[in-house]
Structure formats: structure tokens, C-alpha cells
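Come and look along with me.

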Amino acid sequence: MNEPDHARPRVAILGEAAGAWQALRDWLAPYARLEEPGSGPADLMLVDATGPAGEERLAWARQAPGWRGVPLVALANEVPEAQVEAWLSQGVADVLSPPWSERRVLARLLPHLQLQRVSALLREGSRRFDAELQQRTRE
């Protein structure tokens, strides 16, 4: 992709993900900017959901102000199906677990980024339409 950096989607990362972050950074680099959660709004948040701290990170991400509407993708090792179902029912958009491969990770994450981009375009179009409608009704 040859988009300027400011036009590329932003992906926030929360946690360590058992060393998988470097591979994720390498795979996502052509498509998105990976950043820390405190660096501003993002289009997607990857959350290391491994261990007890993982549950806390997911809870924080679901409740954090400014993150409503941002898809959360949990990264975890050997997740029981019941846990995956619980996370999905609690608003997690997707759950990724090993084996990690570039093709598999991109196939799961890029659609979330594309949906966020389309959603942002629709919101902007709606905002412009509303502003134009208000202006015309005042005339």
C-alpha cells in the first residue's frame, strides 16, 4: 500500500501477546500503524488476553472512555471454546489464537479495518448531508 502514514488505519495494541507483537507489526505494517492505546483514537484494538491480566485488559478495553465502537480483537493461547463464546458475547469482535501466520492474521484483521474505514466514510457523509440539509432549511 502506498498510502501516506496519516491516511493508514491505526491499530492500538494492549499487552505483550507472548512475543507475537513483532510478527504482527511486520505483517500489519503495510496496512496500518501500530500504536499504544494512549496515543489517540484507533480503528482497531488488539488485546493480549492471555492469563489473568488478559481478562483485566479486556475489561479495561471494553469500558475505556473513547473506545466505544472500536473493534476489539483478543489474542490468546489455547482458549477454550466457552471462553471464546463469552468474549464474543461481551463485545469482542474476534479472537485469534496460534498458530500465527501472516495469511491467517491478515485475513482476520483486514476486514475489521475495512469495515471501520467504510463506517467512518458513512459517518462523514451523513454529517455533511445533515449540515447541508440544515443550511438549506434555513434559507
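Before anything else, I noted the cut-offs for cover: a residue is exposed over 50% relative accessible area, buried under 20%, and partly exposed in between. I also reminded myself that this is a predicted model.

**Entry: the whole chain**

I began with the elements and found four helices and five strands in the protein chain. Following the sequence, I wrote down the pattern β-α-β-β-α-β-α-β-α. I then looked up the extent: along the principal axes, the C-alpha atoms fill a box of roughly 60 × 35 × 25 Å. The protein chain has 139 residues, and 37% of them count as buried. Its accessible surface comes to about 8,400 Å², with 54% belonging to carbon and sulfur atoms. For contacts with a separation of 6 or more, I found that 60% join residues 24 or more positions apart.

**Entry: strand β3**

Next I went to β3, residues 44–48, and asked myself how many of its residues are buried. I found that five of its five residues are. In a regular strand, side chains alternate between the two faces of the sheet. I checked the directions here: Leu44, Leu46 and Asp48 point one way from β3, while Met45 and Val47 point the other way.

Which strands pair with β3? One is β1 (residues 10–14), which runs parallel to β3 and is joined to it by four bridges. Within that pairing, I noted Met45 as the bridge partner of Ala12. The other entry in my list is β4 (residues 72–75), also paired in the parallel sense, over four bridges. There, Val47 stands opposite Ala74. I traced the chain from β3 through helix α2 (residues 51–63) to β4, and this β-α-β crossover is right-handed.

**Entry: Arg33**

I stopped at Arg33, which lies in strand β2 (residues 33–35). Is Arg33 buried or exposed? Its relative accessibility is 16%, so it counts as buried, the cut-off being under 20%. I also looked up what its side chain reaches: the backbone oxygen of Arg8, at 3.4 Å.

**Entry: salt bridges**

- Asp48 and Arg57 meet through their side chains, at 3.4 Å from N to O. Asp48 has a relative accessible area of 3%, so I put it down as buried.
- Asp94 forms a salt bridge with Arg108, with the closest N and O atoms 2.6 Å apart. Asp94 lies in strand β5 (residues 94–96) and Arg108 in helix α4 (residues 102–138), so the pair ties together parts that are 14 residues apart in sequence. Asp94 counts as buried because its relative accessibility is 12%. Arg108 counts as partly exposed because its relative accessibility is 27%.
- Glu132 forms a salt bridge with Arg136, and here the closest N and O atoms are 2.6 Å apart. They are four residues apart in helix α4, so about one helical turn separates them. Glu132, at 36% relative accessible area, is partly exposed. Arg136 has a relative accessible area of 57%, so I wrote it down as exposed, the cut-off being over 50%.

Note on methods: Residues are numbered from 1 along each chain as its sequence is written. This is a predicted model: local features need pLDDT of at least 70, side-chain atom pairs count only at pLDDT 80 or more; totals for chains, interfaces and linings use all residues. Side-chain values use heavy atoms; hydrogens and water are left out. Buried means under 20% relative accessible area, exposed over 50%, partly exposed in between (1.4 Å probe, protein chains only). Helices (H or I, at least four residues) and strands (E, at least two) are DSSP runs, numbered from the N terminus. Two strands pair if DSSP finds at least two bridges between them. A crossover is right-handed if, with the strands pointing away from the viewer, the path from the first strand over the helix to the second runs clockwise. A polar contact is a pair of N or O atoms within 3.5 Å; within protein, one must be able to donate a hydrogen and the other to accept it, and residues adjacent in sequence count only if both atoms are side-chain atoms. Contact means heavy atoms within 4.5 Å. Accessible areas come from the Shrake-Rupley method with a 1.4 Å probe; for residues, only the protein chains shown count as cover. A salt bridge is a side-chain nitrogen of Lys or Arg within 4 Å of a carboxyl oxygen of Asp or Glu.
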